[in-house]
Amino acid sequence: MPVHPAIVPGILLRVAFVVLAAGHLASLQTSAAQVADAPATAATDLPDATGTATGDAVIETTQPADAKPIEKARESYLGRVVAQPMSHRGASWLIRPNRDEEENASESFQNLGLEPGMVVCDLGCGNGYWTLPMARKVGEKGAVYAVDIQQEMLRKLNQRADRFELKNIRPVLGTIDNPKLPVGAIDMLLMVDVYHEFSHPESMLWEIRRALKPTGVIALLEYREEDLEVPIKPLHKMSKRQIMKEYQANGFKLVREYNELPWQHLMFFARDDSPLAEIEPEPADAVLKRLQSSTPNGTVNE
Ligand SMILES: C[S@@+](CC[C@H](N)C(=O)[O-])C[C@H]1O[C@@H](n2cnc3c(N)ncnc32)[C@H](O)[C@@H]1O
């Protein structure tokens, strides 16, 4: 079975723990250059992925404050290295049989709070692991915009949707800086293991902000960077602190979170002018401490 370039093989993880124990934390940290040897990624397949890398450089603009940012492809954003998009060639990893067991996707799904009739979006949908159950849940009176920048992912999604006769999915071929969503239309926009791949994070967040209804929310799932036991390469993880920094800088506030998943942060953001009340995030170290002291069935270890 193909392995996602982000996954850290078990043996590497064990070696990493030995290194850690020896106090050589610095040698564990994988740089962008080191991960370039990962299996082929989608970037070279994409017609638009040729922008000049700008890193964190400030881009001079005379645009009005509410205009879409002028942004070139970034190698880093607000201190975080941007990952390459995962290729459609690894798509079978996304629908591996043990995904639910590993990530507890069912629990994430339940906590999204989807209702029949909602208009939702699965942004960076891949081959539709999340799109299909979303379509079933919102039903025929609702709709799911399924956006990806790889035509091949949408083709695989369509094949799976046809098999289950789901008619309320609207596939959208987005670009690296535009998900091409209708304005003010979305109740919930889900991004699972996607946001950290955006080469144009400000442009994407600007478009997403515009696509949300006033009470619409983003549901963001990213692997926990703070937890060294999550077997995913650091480049494909995000810390809570970094997520907060990037979303607040782009006109969003945290309105809900779910901190019980084994591998991921699940954070809900609304527009900063939304009527939804803002909350403070539970610090990641407190979350980890709490999770590590609970047994798998939820009881607390004494
Ligand atoms: C790691 S896969 C996750 C797929 C799916 N969300 C899942 O959890 O099964 C990331 C996907 O995001 C897509 N992607 C990356 N950048 C994107 C962008 N700017 N707009 C839309 N999709 C994007 C990639 O093409 C890829 O299919």
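How many of the 302 residues of the protein chain count as buried? The share is 37%, where buried means that 20 or more other C-beta atoms, placed from the backbone, lie within 10 Å of a residue's own; 12 or fewer make a residue exposed, and anything in between partly exposed.

Before going further, a word on what you are looking at. This is a predicted model, in which local features need pLDDT of at least 70, side-chain atom pairs count only at pLDDT 80 or more, and totals for chains, interfaces and linings use all residues. Residues are numbered from 1 along each chain as its sequence is written.

## Confidence and overall build

The pLDDT is the predictor's confidence in each residue, from 0 to 100. Its mean over the protein chain is 83, with 76% of the residues at 70 or more. Strand β3 (residues 119–123) has the highest confidence, at 99, while helix α2 (residues 25–28) has the lowest, at a mean of 26. The pLDDT is below 50 over residues 8–55, a stretch that has 62 contacts in the model beyond near neighbours in sequence. A contact here means two C-beta atoms, placed from the backbone, within 7 Å. Residues 298–302 also stay under 50, and the model gives them six contacts beyond four places in sequence.

The chain's secondary structure comes to 11 helices and 10 strands. These are DSSP runs numbered from the N terminus, with helices (H or I) of at least four residues and strands (E) of at least two. Among contacts with a separation of 6 or more, 69% join residues 24 or more positions apart.

## The core and the ligand shell

The largest nonpolar core has 56 residues, and Val-120, Leu-189 and Leu-190 touch the most other members. Such a core is a set of buried Ala, Val, Leu, Ile, Met, Phe, Trp, Tyr and Cys residues joined through C-beta atoms within 7 Å. Leaving aside residues up to four places away in sequence, Val-120 touches Leu-114, Met-134, Val-138, Gly-142, Val-144, Ile-186, Asp-187, Met-188 and Leu-190.

Which residues come nearest to the ligand? Of the 24 around it, they are Leu-94, Gly-124, Gly-126, Tyr-129 and Val-192. To belong to this group, a residue needs its C-beta atom, placed from the backbone, within 6 Å of the molecule. The shell divides into 17 nonpolar, four polar and three charged residues. In this count Ala, Val, Leu, Ile, Met, Phe, Trp, Tyr, Cys and Pro are nonpolar, Asp, Glu, Lys and Arg are charged, and the others, Gly among them, are polar.

Trp-130 lies in the loop between β3 and α7 (131–138) and counts as buried because it has 24 C-beta neighbours inside 10 Å. Beyond four places in sequence, Trp-130 touches Asp-122, Cys-125, Leu-190 and Val-192.

## Pairs that meet across the sequence

Here are some C-alpha to C-alpha distances to check in the structure.

| Pair | Apart in sequence | C-alpha distance |
|---|---|---|
| Ser-106 and Trp-130 | 24 residues | 10.0 Å |
| Trp-130 and Leu-94 | 36 residues | 9.8 Å |
| Asp-66 and Trp-206 | 140 residues | 9.0 Å |
| His-265 and Ala-284 | 19 residues | 9.0 Å |

Ser-106 sits in helix α6 (residues 105–112) and is exposed, with 11 C-beta neighbours inside 10 Å. Asp-66, in the loop between α3 (32–35) and β1, is likewise exposed, with 8 such neighbours.

His-265 belongs to strand β10 (residues 264–271). Why does His-265 count as buried? Because it has 24 C-beta neighbours inside 10 Å. Its contacts beyond four places in sequence are Glu-222, Arg-224, Lys-240 and Ile-243.

Lys-240 and Ile-243 are also among the buried residues of helix α10 (residues 240–248), together with Glu-246 and Tyr-247. These residues cover an arc of only 130° around the axis, so they lie on the same side of α10; the arc is that of the directions from the helix axis to the C-beta atoms. An α-helix has 3.6 residues a turn, so residues three or four places apart point the same way.

## Two positive phi angles

Leu-78 is not a glycine, yet its phi is positive, at about 50°. Leu-78 is placed in the loop between β1 (76–77) and β2 (80–81) and is partly exposed, with 13 other C-beta atoms within 10 Å. Glu-165, not a glycine either, has a positive phi of about 55°. Its place is the loop between α8 (151–163) and β5 (169–173), where Glu-165 is exposed, with 6 other C-beta atoms within 10 Å.
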